[in-house]
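Dear colleague,

Please find the structure below. My notes on its aromatic rings follow.

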Amino acid sequence: MEQVIWFDSIGMDDVGRVGGKNASLGEMIGNLSQAGVRVPPGFATTADAFRAFLAHEGLDARIRDALADLDVDDVDALTRIGARIRAWILATPLPTELEAAVVDAYAKLGEGMEVAVAVRSSATAEDLPEASFAGQQESLLNVRGAAAVVRALHEVFASLFNDRAIAYRVHHGFDHAEVALSAGVQRMVRSDLAASGVLFTIDTESGFPDVVFVTAAWGLGESVVQGAVNPDEFYVYKPGLAAGRAAILRRQRGSKALRMVYSDDPGERVRTEPVPAAERMRFCLSDDEVEALARHAMAIERHYGRPMDVEWAKDGETGDLWILQARPETVRSRTSHQQLERYELSGRGKVLVEGRSIGHRIGAGRARLVASAAEMSKVSPGDVLVTDMTDPDWEPVMKRAAAIVTNRGGRTCHAAIIARELGIPAVVGTQDGTRSITDGQPVTVSCAEGDTGFVYEGELAFEVRRVDIDRMPELPFKISMNVGNPERAFDFSRLPNAGVGLARLEFVIGNSIGIHPKALIEYDRQPPELRATIDERIGGYASPTAFFVEKLAEGVATIAAAFHPKPVIVRLSDFKSDEYAHLIGGSRYEPREANPMLGFRGASRFLSDSFRDCFALECRAMRRVREDYGLSNVELMVPFVRTLDEARGVIDLLAEHGLRRGENGLRIVMMCEVPSNAILADEFLEHFDGFSIGSNDLTQMSLGLDRNSGLVAELFDERDPAVKALLGRAIDACRSAGKYVGICGQGPSDHPDLARWLMEKGIDSVSLNPDSVVETWLYLAGKE
């Protein structure tokens with residue numbers, strides 16, 4: 001009977017001999033080395049060796065009897081029985097033949113030296129497409145010396161009967177006796193001196209397939225997997241990477257407060273230490289390294305033919321990137337894309353904490369603060385579990401929760417992975433959830449608002465809508481979407497659509513950047529306290545202005561990639577002076593206006609001497625998206641053009657910045673929202689490639705209303721005859737000139753009958769808010 005097998009001698013046909021994790025390591029060594037994928041060498045003990053060990057003195061029979069009548073939902077009983085079985089295993093000596101084979105293989109692996117190895121479990125039912133078993137058994141790091149390896153092997157064998165592993169097998173219908181364990185002994189990568197993390201070849205929240213999602217933190221990767229740190233996050237666009245283009249769509253710098261490193265104490269293998277402030281403020285991977293990892297991920301995905309979940313590490317001594325394991329992604333890749341599920345809050349409450357949202361659902365219940373796994377029995381069905389972080393020991397009770405909230409962790413931590421598997425919302429990495437939420441307090445956990453998840457005070461009402469989208473009826477015109485938040489773009493792209501009719505820059509500038517562009521241009525002139533605030537935001541970017549350009553480009557590129565190759569019409573910034581003033585440093589540069597809605601905005605702002613250098617940054621970002629990322633589906637829209645002189649001036653200014661109509665297919669449209677635009681439609685169209693009608697401003701200026709005033713709000717109606725006369729005039733002018741005409745205002749989203757009137761008038765496209773797309777589509781087709 002074989003006791004051990006080297007990784008380079010096995011492949012995916014050997015899952016029954018060495019388990020899923022070890023078989024996958026051998027598969028990659030044998031098939032992906034030529035693609036540049038590095039996997040550390042090692043060996044595996046066999047499942048037969050494990051079964052022979054369990055057969056010693058009837059250990060397997062005792063285990064079978066102990067588990068026969070166990071109710072795994074009884075946490076106390078599960079804890080008691082699991083501890084008893086593990087004690088039996090640790091008290092049973094390993095077979096002499098197995099111990100000798102492991103000692104000999106370890107000596108060969110280290111070429112006579114006591115090298116550091118990782119000893120990891122690999123179950124025969126693990127890392128399958130239908131069940132991940134991720135984190136169920138032990139992984140022991142920085143194990144040195146033959147005797148220590150043998151002891152670690154014993155611990156790994158016992159971990160097949162950890163509480164979480166027992167419960168997982170029962171809940172997923174696996175017979176305990178049919179699951180055997182192999183231990184993988186793999187040479188360590190010195191990521192304690194560099195960085196490590198987890199990546200997925202699919203967006204874990206929406207299932208969008210064209211990105212690689214990479215997480216990274218300083219030190220050994222267990223801190224990322226366990227959720228002990230909030231890591232850096234990167235999204236890499238697969239088609240862009242394959243074409244040799246700029247491909248990193250989004251960068252999110254994590255706090256990375258702690259890192260796991262080797263310990264010098266002989267009594268412990270690893271320890272956790274704080275990360276110096278300077279290292280926390282920068283990304284732990286370069287762009288080149290992120291893209292190299294994404295290439296490895298794409299090679300792995302191609303080989304296995306399915307979305308994959310991959311652990312990686314960077315060696316701090318050599319700078320090499322290594323793949324430590326790869327397994328099928330088992331949640332989003334098995335989700336139906338023919339039915340949409342939408343959760344929406346009916347109202348809002350006080351925000352207690354916020355963090356990274358996991359899933360797109362909403363859950364509510366009484367908060368149950370749990371300090372450790374020993375207190376798990378406090379959690380009742382329907383409670384919201386609030387804790388510092390979770391590990392696999394928590395799994396038996398997590399399925400009781402209506403939602404999960406943790407202080408620490410990113411979107412690939414344990415709590416996130418299990419929440420996705422269970423289909424419950426989780427907000428991770430809140431920093432202070434256990435301090436800001438009171439035990440027993442009613443709360444609502446919302447993951448339905450983008451990448452940021454919110455925990456609200458009180459149990460708020462919400463609704464769930466499920467819509468089949470596999471057979472949408474034909475319409476005589478196109479329905480596109482209004483999208484401002486890039487964090488929702490991957491999810492929204494699943495809706496039936498003809499692209500994006502309005503991508504707003506204001507969300508990116510206000511949320512992702514948050515700083516007035518002039519304050520970044522004149523960074524050296526800012527007072528010290530303001531520079532310190534700016535420094536906190538721009539860490540990881542080359543300069544203050546590079547931060548603005550890159551963050552703006554990332555936001556637009558994310559939306560453009562989500563909908564590619566469909567057109568994405570990006571409206572250049574349309575902040576008013578009071579809105580710009582609220583940005584960091586903005587009050588130093590913005591005028592005080594009695595009515596900002598009618599003041600310093602749109603084309604007038606772009607052409608002004610005081611804002612031209614700010615607008616230049618905007619143009620640089622748009623060029624980067626179209627030219628460097630290659631996302632030429634991005635088109636531009638100029639807002640609030642009052643006069644024909646402004647129309648000529650802004651087109652000339654865009655050309656000065658390298659954004660010329662018709663060049664590389666660039667289409668520039670004007671937002672038709674001032675009555676003068678419709679009255680002189682033919683003349684304005686001489687300078688633009690069409691109109692996108694902004695019905696909000698067009699209505700308020702046609703009817704002389706302040707749309708922010710509640711006193712006259714009841715008079716605001718886009719269906720007023722005067723407004724429709726201007727709408728009709730703009731549509732007719734575009735049709736006569738053979739140019740594009742669409743509408744991106746709120747009106748068609750609120751009034752499906754207006755959308756029908758526009759359809760009958762011959763408009764090319766109606767751009768709707770995502771929450772009204774399906775209903776309006778069906779209404780216009782006469783199906784609802």
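Both F234 and F283 have buried side chains.

Over the whole structure, the search gives 14 aromatic pairs. Among them is F50 with F157, an edge-to-face pair with 5.0 Å from centre to centre and 80° between the planes. This pair links distant parts of the chain: F50 is in helix α2 (residues 47-55) and F157 in helix α6 (residues 146-158), 107 residues apart. F50 and F157 are both buried.

Ring pairs also join F208, F213, Y235 and F490 into a cluster.

Two arginines lie over ring faces. R601 is placed over F640, at 3.8 Å from the ring centre. R756 is over the face of Y779, at 4.9 Å from the ring centre.

On confidence, the average pLDDT of the protein is 92, and 97% of the residues score at least 70. In residues 127-133 the pLDDT is below 50, though this stretch has 28 contacts in the model beyond near neighbours in sequence. Where pLDDT is low, the predicted coordinates should not be read in detail.

Regards

Notes
Residues numbered from 1 in each chain as written. Heavy atoms only, no water. pLDDT = per-residue confidence, 0-100. Contact = heavy atoms within 4.5 Å. Phe/Tyr/Trp six-rings, centres within 6.5 Å; stacked < 30°, edge-to-face > 60°. Helix = DSSP H or I, 4+ residues; strand = E, 2+ residues; numbered from the N terminus. Buried < 20%, exposed > 50% of the residue type's maximum accessible area, 1.4 Å probe, protein only. Lys NZ or Arg CZ within 6 Å of the ring centre and 35° of its normal.
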